[in-house]
Amino acid sequence: MTRASLTRLAVAGAAVVGVAALTMGTAAASPAPQSGKHDQKPGPSVPVRLLTINDLHGNLEPPTGSSSRILDPNGPLTDTDGSLTGIAGGKYSIAGGASYLAAHLKQLRDANTLLVAAGDLIGASPLLSAAYHDEPTVALLDQLGLVTSSAGNHEFDEGIDELNRIMNGGCHPVDGCSPAGEWKGSNFDYLGANVLKEGNGDYALPPFYVKKINGVKIGFIGLVTQTTPNIVTAAGIKGLQFTEEVAAANKVSKYLAKHGVKAQVVLVHEGDNITPNQDPSSCPVIPGNGSRIATGLDPQIDLVISGHSHQAYVCKVKDPAGQDRVYTQGSSFGRAITQIDFRVDRRTRDVIRSSVVAKNNVVTRTVTPDADTETYIQAWKNRVSTVANKPIGKITADIGNLVNNSSAATTKPETPLGDLIADAQLEETKSGGGAEIALMNPGGVRAPLTYAQSGSEGDGVVTYGEAFQVQPFNNLMQVVTLTGEQLKALLEQQIWKVDPVTGAVTHRLLQPSSSLTYTFDTTKPEGSRVTDIKINGTAVTGTQQIRVAANNFLVGGGDGFTVFTKGTDLWSGPLDIDAFVAYMGAHSPVAPPATGRITLIK
């Protein structure tokens, strides 16, 4: 189906229009099958294979450090001491990289295959892709044959106008054309059935895509987490409304069924966390928003392919009619390809649920990388090399970005890299903004700094490209004034929970600069967990005026830290990446900073 035949719906109250794309080769629509009847007296059927990816984040080159590893029962690495992930005992493979992804896709494809995705394919990308607004990644996805994807929250990092440019073509309005010339647009569209335009309720993105294969139609419904406004800058979601996922999908599902599309797949950029150290094709999910969606969707929807939580799982859940429904996710950064095989009944035009078989295939680097993809990536590396390879400083050892959650007894609430970035942000906002403390969101620290990067000689040199991989958002540094009482309320909005059975940690603790110390008591209720707040060793009073530095995402209330929006006397300074680069240059060689700025009581 071409771009011109993609259905673009407009919603005004209960009205839904734009059905032309569904009538192609379709007779009058027959009634939708009754719930629970997917396997009733199946007739002749045809095979379909879906290969799915999610959360690629522009990782064209093989990711490094912790981002390169994935639990793999057949993997060659054994984690005997917990140093790989913080959980001892598992087997791991080094995985990911677009040339290896392409090679594995070629091995897994057959004549019945469609490649689809569940969002965050772009955004928070390494410099190789981000320098050109992710055009290199989208063009490669076209080459790999991606037919559609749900939007992810990071697809909105630069706003809906930029996402439309990525889909429809044209050079960037500020930076102009890339070295490859005028951007032609993607061959696939991002879907968003729960992304509406404020004011008129029209769809901001196509809500679904229909693809015919082996004579049957498969309908793909796209969803993005409704929490997107809390995790994307205000500018990125300006003019948009993100509605509840299940209701939005069910509305489109009924519309598709009415027009004869009975085989339906939801691509949703929302997922669950897992208990660690599990086979990527098992189902160790800790039920959350992903499971809520997967179990709540209309029984007409046959499969749920998820993303967002960067986990690998293959589950079966019960739909509202009590039928089994497969629910999957395929890790992140191109480290896994989810393979789902099933058959569609030609008579009912519906998926035979009992035929569905799914697994996660690890994208190992033991295969020969795809030569064409290697050549493609090298061309973009050459284009960006002058900027990417510029040394900005040195480190004395690995500086990690992962919280150690091997057990509740040894868990630390900070990461060395998170603290280092907070220190850099404080230093770069003191003179102009008068900052006294800085706070960094841990989700914005996207990769570790590795002393011996792949291909290097282990001299600790950090390049601009490596620094950009750590902080790829180009957020603006800002400073606001909060009272001591407001600072306490802000810190009370943090989350730190340890599962009493698995030891898994759910955390959202801001990484503090060295000037800030406090105690966080997880045994107390919210409102009384934070005590002993000090700035440079002096206790903070409730009425004290404090200049607090953070990136514009946090200052806008991102990640649920709404107290930031009460700040006054806003000052804007350098980009976060520029602050980090300046600090690395001024303090090289940089050692991993000592943690302990937060005293955690469990």
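1. Disulfide pairing. Numbered in sequence order, the bonded cysteines of the protein pair 1-2, 3-4. The structure holds two disulfides, each defined as a pair of cysteine sulfur atoms within 2.5 Å. This is a predicted model, in which local features need pLDDT of at least 70 and side-chain atom pairs count only at pLDDT 80 or more, while totals for chains, interfaces and linings use all residues. Residues are numbered from 1 along each chain as its sequence is written, and side-chain values use heavy atoms, with hydrogens and water left out.

2. C171 and C177. The sulfur atoms of this disulfide lie 1.7 Å apart. The link is right-handed, with 80° about the S-S bond. C171 is partly exposed at 24% relative accessible area (buried is under 20%, exposed over 50%, partly exposed in between; 1.4 Å probe, protein chains only). C177 is also partly exposed, at 44%.

3. C283 and C315. Here the sulfur atoms are 2.0 Å apart. The link of C283 and C315 is right-handed, with 100° about the S-S bond. C283 sits in the loop between strand 15 (273-274) and strand 16 (285-286), and C315 in strand 18 (residues 312-318), so the pair ties together parts 32 residues apart in sequence. C283 is partly exposed at 41% relative accessibility; C315 is buried at 3%.

4. Overall fold. The protein has 13 helices and 34 strands (DSSP runs numbered from the N terminus: helices H or I, at least four residues; strands E, at least two). Of its 602 residues, 57% count as buried.

5. Contacts. Among contacts (heavy atoms within 4.5 Å) with a separation of 6 or more, 76% join residues 24 or more positions apart.
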